Amino acid sequence: MNVGGQHFRTIWLKADDARIVQLIDQRFLPHRFVVEGIATVEQMATAIRDMHVRGAGLIGAAAGYGMYLAARGGADLMQAAAQLKATRPTAVNLAWAIDRQLHAIAAADLAKDKVATALATAKQIADEDAEYCRLIGRHGLELIHRIAREKHGKQINVLTHCNAGWLAFVDHGSATSPIYAAHDEGLPVHVWVDETRPRNQGSKLTAWELGEHGVPHTVIADNTGGHLMQRGDVDLVIVGTDRTTYTGDVANKIGTYLKALAAKDNNVPFYVALPSSSFDWTMRDGLAEIPIEQRAAEEVRHADGWANGERVEVRLTPENSAAANYGFDVTPRRLVTGLITERGICEANEKSILALFPEHASSAPTRKATLLSPFSSREMGAGDKSVASPG
Ligand code: MRU
């Protein structure tokens with residue numbers, strides 16, 4: 001997508017130096033556009049854990065490049081895989097990309113072939129992510145066209161939560177891809193952007209990237225969506241997901257479930273956009289099985305922003321109040337109108353999902369063995385040392 005008229009992806013290999021992977025450091029957006037160079041798997045693990053990069057697709061692509069850096073640096077690949085997998089628990093793309101790399105690299109014999117294979121695989125993961133998101137845009141566009149026909153040229157209002165835009169992937173985004181496609185076709189689309197406390201991925205990132213693309217949008221406080229739906233001011237909700245079970249339960253940024261409840265109560269269609277890399281083909285029951293990241297309480301106690309060209313952080317709560325910071329919630333499939341994937345739109349249930357992805361229909365036990373997660377329980381404790389502090 002374009003930044004100041006120049007095309008960028010979120011992650012790429014440095015043009016004149018194959019030892020360096022470059023990425024957009026999202027901690028500084030929307031105030032500064034910073035590109036960071038990553039040279040080691042340790043640095044990549046830090047970038048994922050501390051949210052220089054974030055969002056399911058991009059976390060997967062970053063992990064893919066992290067494994068390339070590990071191979072290039074002669075690191076122990078199983079150790080590197082474990083280190084990367086331990087960074088964030090909820091987005092399934094992380095383990096998916098690492099396992100794909102381990103599998104690909106294992107097929108090469110010589111060290112130099114392993115490095116070449118790791119680089120080719122990292123590029124494939126990134127290219128595929130961008131292409132699948134583009135296709136999600138084509139399929140989702142049909143939904144927006146249908147609403148446009150019903151509204152006879154009036155503004156189409158889409159609500160989204162968090163950032164499932166191009167910054168959360170390699171390009172295009174999942175939830176935003178149909179929006180960009182509609183805007184580019186001249187449809188009068190407007191986006192309600194949930195600010196998404198506590199990290200404000202909506203007000204900082206989604207608002208920024210929509211603005212860069214010229215898409216009309218309005219940032220709203222997180223609790224506003226239900227009110228707007230009651231007034232008839234939301235035609236469609238599209239959100240992303242960090243992990244969706246093969247039965248259609250959707251884990252996404254905390255607060256998504258409440259939007260889905262409000263949408264159901266007001267007959268507003270609630271769609272989830274995802275590339276197939278965000279399906280967990282081993283999990284049947286999202287509420288019981290998906291690990292929910294619990295992040296540092298400081299992210300809730302504080303807010304940050306920019307003043308006089310500098311990042312400033314202020315405390316919002318009484319000094320001694322406890323705070324809890326659940327990163328994600330699970331929206332049960334019964335609240336989801338449909339899933340927009342690279343292969344088309346399906347219902348949020350096992351039959352419909354596996355009809356689109358039949359290659360996953362018969363291999364559940366094998367999948368369970370290969371997609372190993374370092375997080376054994378459903379919640380990652382607040383005291384866990386890998387929890388990131390704000391910005
Ligand atoms: O904690 P983050 O910023 O990595 O959150 C993940 C997300 O970006 C959202 O949950 C998003 O809506 C789905 S991931 C494309």
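Trainee: How many aromatic pairs does a search of the whole structure find?

Mentor: The model is a predicted one, and a search through the whole of it finds seven aromatic pairs. As a general idea, a pair of aromatic rings is described by two values, the distance of the centres and the angle of the planes. Take Phe8 and Phe33: their ring centres are 4.9 Å apart and their planes stand at 70°, so this pair is edge-to-face.

Trainee: Which parts of the chain does the pair of Phe8 and Phe33 tie together?

Mentor: Phe8 belongs to the loop between strand E2 (6–7) and strand E3 (11–13), and Phe33 to the loop between strand E4 (21–24) and strand E5 (35–38), so the pair ties together parts that are 25 residues apart in sequence. Phe8 counts as buried because its relative accessibility is 13%. Phe33, at 32% relative accessibility, counts as partly exposed.

Trainee: Which residues do ring pairs link into a cluster?

Mentor: The cluster consists of Phe8, Trp12, Phe33, Trp166 and Trp208, linked by ring pairs.

Trainee: Where does the charged end of Arg32 sit?

Mentor: The charged end of Arg32 sits over the ring of Phe28, at 5.1 Å from the ring centre. There is also Lys253, which lies over the face of Phe328, 4.1 Å from the centre of that ring.

Trainee: Let us turn to a helix. Which residues of H9 are buried, and which are exposed?

Mentor: The general idea is that an α-helix has 3.6 residues a turn, so residues three or four places apart point the same way. In H9, the buried residues are Thr256, Lys259, Ala260, Ala262 and Ala263. Viewed down the axis of H9, these buried residues fall within an arc of 165°, so they line one face of the helix. Leu258, Lys264 and Asp265 are exposed on the other side of H9.

Trainee: What does Leu258 form together with Tyr257 and Leu261?

Mentor: Tyr257, Leu258 and Leu261 form a nonpolar patch on the surface, and their accessible area together is about 250 Å². Leu258 has its place in helix H9, residues 256–265. Leu258 counts as exposed because its relative accessibility is 53%, and the cut-off for exposed is over 50%. Just after H9, Asn267 takes a positive phi of about 55°.

Trainee: Where does Pro188 lie, and how far in space is Pro188 from Phe279?

Mentor: Pro188 is in the loop between helix H6 (177–184) and strand E7 (189–194). With a relative accessible area of 33%, Pro188 is partly exposed. From C-alpha to C-alpha, Pro188 and Phe279 are 32 Å apart in space, and they are 91 residues apart in sequence.

Trainee: In which loop is the place of Thr224?

Mentor: Thr224 is in the loop between strand E8 (217–220) and helix H8 (225–230). Thr224 counts as partly exposed, at 22% relative accessibility. The C-alpha atoms of Thr224 and Ala148 are separated by 24 Å, and these residues are 76 residues apart along the chain.

Key. Residues numbered from 1 in each chain as written. Predicted model: local features only at pLDDT ≥ 70, side-chain atom pairs only at ≥ 80, totals over all residues. Heavy atoms only, no water. Patch = residues over 30% accessible without salt bridge, like charges linked within 9 Å, V, L, I, M, F, W, Y side chains within 5 Å. Areas by Shrake-Rupley, 256 points an atom, 1.4 Å probe, with all protein chains shown as cover. Salt bridge = Lys/Arg side-chain N within 4 Å of Asp/Glu carboxyl O. Helix = DSSP H or I, 4+ residues; strand = E, 2+ residues; numbered from the N terminus. Buried < 20%, exposed > 50% of the residue type's maximum accessible area, 1.4 Å probe, protein only. Arc of directions from axis to C-beta. Phe/Tyr/Trp six-rings, centres within 6.5 Å; stacked < 30°, edge-to-face > 60°. Lys NZ or Arg CZ within 6 Å of the ring centre and 35° of its normal.
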